[in-house]
Amino acid sequence: MPKTLFGVFFEEINHAGSGGLWAELVSNRGFESGGHHSPSFIDPWSIIGNDSLIKVSTEASSCFKTNPVALRMEVVCGNDCPIGGVGIYNPGFWGMNIEKGKTYNLVLYIRSLGPVNVSVSLTDSIGMQTLATTNIIETNVSNWTKIVAKLEAKGSNSNAKLQLKTNKKGVIWLDQVSLMPSDTYKGHGFRNDLFKMVADLKPGFIRFPGGCFVEGEYLRNAFRWKETIGAWEERPGHFGDVWFYWTDDGLGHYEFFQLAEDLGAAPIWVFNNGISHQESVDPSVIMPFVQEALDGIEFARGGPNSTWGSIRAAMGHPEPFDLKYVAIGNEDCGKKYYRESYLKFYAAIRKAYPDIKMISNCDGSRVKLDHPADMYDFHIYSDARTVFSMANTFDRTSRVGPKAFVSEYAVTGDDAGLGSLLASLAEAGFLIGLEKNSDIIEMASYAPLFVNTNDKRWKPDAIVFDSSQSYGTPSYWMQHFFKDSNGATLLNSTLQANSSYSLEASAIVFQDPVDKKNYLRVKVVNFGSSTVNLKILIDGLDPNLLDASGSITVLSSANVKDENSFANPEKITPVTSMLEKAGRNMDVVLLPHSLTCFDVVTKSDIAEITTTTTDVSTM
């Protein structure tokens, strides 16, 4: 099976990156979320004190041309200011998680016509408990001045805020206020616990940055990669008008490729092809979009002396990223001009980068594509019964031509809730079907990957989080049963059962990269409500080459609609126990509504195992 068979799809949705995987703690750090004009909307920033003591407004006076808006803070009080002073605060993305003993890196830009004395502190949500503090004392900041400081937390609070206060009368201008934990993954800016949850899936690829986020409801709000590279202070940010929130684009084109490299996953860049939800660029004027795609590839792959590769090198990565896949748009097949413009993108990329595999938005699983492609995109969102029944969808697909990329799959609606066992079992049955058709399926990924529990734009999702904690839904844990399938050998298997059973099964052999042992794995989904007796027969293998014991891992629960939660994050997680009397013939039991994995160590060469048969009877 392909080494890239199972991976992940990251989209900026549900505050997955901004306020999530990207560890920036300040929301609207550049005061730009209301647009690049003044007066402007500055939420979630708020004032400390009342408007008789402090007056706050925005001005187009920043030192950054791409981010013209800055905050003007006029302190009216002086000696009669309240104890501690007046100022502004930022609660982050529904609270900042501050942990005792950890250090937080503060960067801000400040200007004033006179000396400044500003207290910067991290406090609890009502400002009563001080967790960390430092002072900015400067005698000459008549020009914009960059301030860098470290805040060491003396206490912990998962709903903290950042305060900037002074009791000195006068006007202070502030811009680009950033606070980052010092312990992000490898210093690359990724929140450790969320990164680890993705890494634990051992994804063969990562598709980014969307999704509808790439398109925008209108092109003016689409993700434009060139505006997301370089110094973070100079990135203009944009309003994602599909999912309705502002992003500072700290998680940009460069960071997505760095994320892929850190995960050891093949990057798949989805770029805008001149189509939004509401607009389509005429093919006669599409070439600037084509050039933008070529430039984006050069940024990833070009040498350190190339036009765009040099910018990547200056950002800290002189070696090219390993970009081998691009998707020309997202869900655009039926939209106006898609095919005509697609051909222009395809021809230009094939000429410049003949090795890059290009992915069409048009489904080729039933009807042959009318345009060239290396792969085609396939999306499925439906109820549990429909998704489970689609295990055989690709059985009838032509074995000749482009391969399938199932880049978005999930059970949705009432069957799924916020992430149910039922949904995960249906998806597991579907994935078993993908394994069995992996000669024509290159990749598959669940969607969406993340949701901040405070912004559930889409449900369900694989990983749920807030400022300080996270958990996996059953669909997340289900994917753990498939992570060793990447690059594994699929065995010929036959499931013998009458039509009253709702079962799907597959058998693979893989080598564990840690212990270097070969394992024979049989996965079975019991989508029904009855306990099932299962007999596993392994042909073509000397019984002496199988260990006498193995393991059983089960994903199940008392109620098929059960879900995980912050109150009970491990209610539905894989449970592993010993498999007694492992061998060529094994009698095992499948729980109702369960996904079960049987692992047996084999001392043989992978090629020696030829067939597995699973016989089923009811209990």
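The lining of the second largest pocket is made up of 8 nonpolar, 9 polar and 6 charged residues. Here Ala, Val, Leu, Ile, Met, Phe, Trp, Tyr, Cys and Pro count as nonpolar, Asp, Glu, Lys and Arg as charged, and the others, Gly among them, as polar. This is a predicted model, in which local features need pLDDT of at least 70 and side-chain atom pairs count only at pLDDT 80 or more, while totals for chains, interfaces and linings use all residues. Residues are numbered from 1 along each chain as its sequence is written, and side-chain values use heavy atoms, with hydrogens and water left out.

The second largest pocket is lined by 23 residues, and Asn97, Pro181, Arg191, Asp193 and Ser467 are the closest to its centre. At least two lining residues each come from strand 6 (96-98) and helix 1 (192-199). Helices (H or I, at least four residues) and strands (E, at least two) are DSSP runs, numbered from the N terminus.

On a 1 Å grid over the protein atoms alone, a pocket is an open set of points with protein on both sides within 12 Å along at least five of seven lines, and a cavity is a set where a 1.4 Å probe fits but cannot get out; lining residues have an atom within 4 Å of a point. Grid points are joined across faces, edges and corners, and a volume is the space filled by probe spheres set on the points.

| Space | Volume |
|---|---|
| Largest pocket | about 500 Å³ |
| Second largest pocket | about 380 Å³ |
| Largest cavity | about 130 Å³ |
| Second largest cavity | about 100 Å³ |

Which residues lie nearest the centre of the largest cavity? They are Ser18, Trp22, Asp249, Gly250 and Leu251, out of 17 lining residues. The lining of the second largest cavity has 8 nonpolar, 4 polar and 2 charged residues, and strand 1 gives the most to this lining, with 3 residues.

Helix 1 also meets helix 3. Their axes (lines fitted to C-alpha atoms over the stretch in contact, with angles from 0 to 180 degrees between N-to-C directions) come within 10 Å and cross at roughly 60°. Helix 1 is therefore oblique to helix 3; angles under 35 degrees count as roughly parallel, over 145 as roughly antiparallel, 65 to 115 as roughly perpendicular and the rest as oblique. In the contact (heavy atoms within 4.5 Å), Phe195, Val198 and Ala199 of helix 1 face Leu259, Asp262 and Leu263 of helix 3. These residues divide into 5 nonpolar, no polar and 1 charged.
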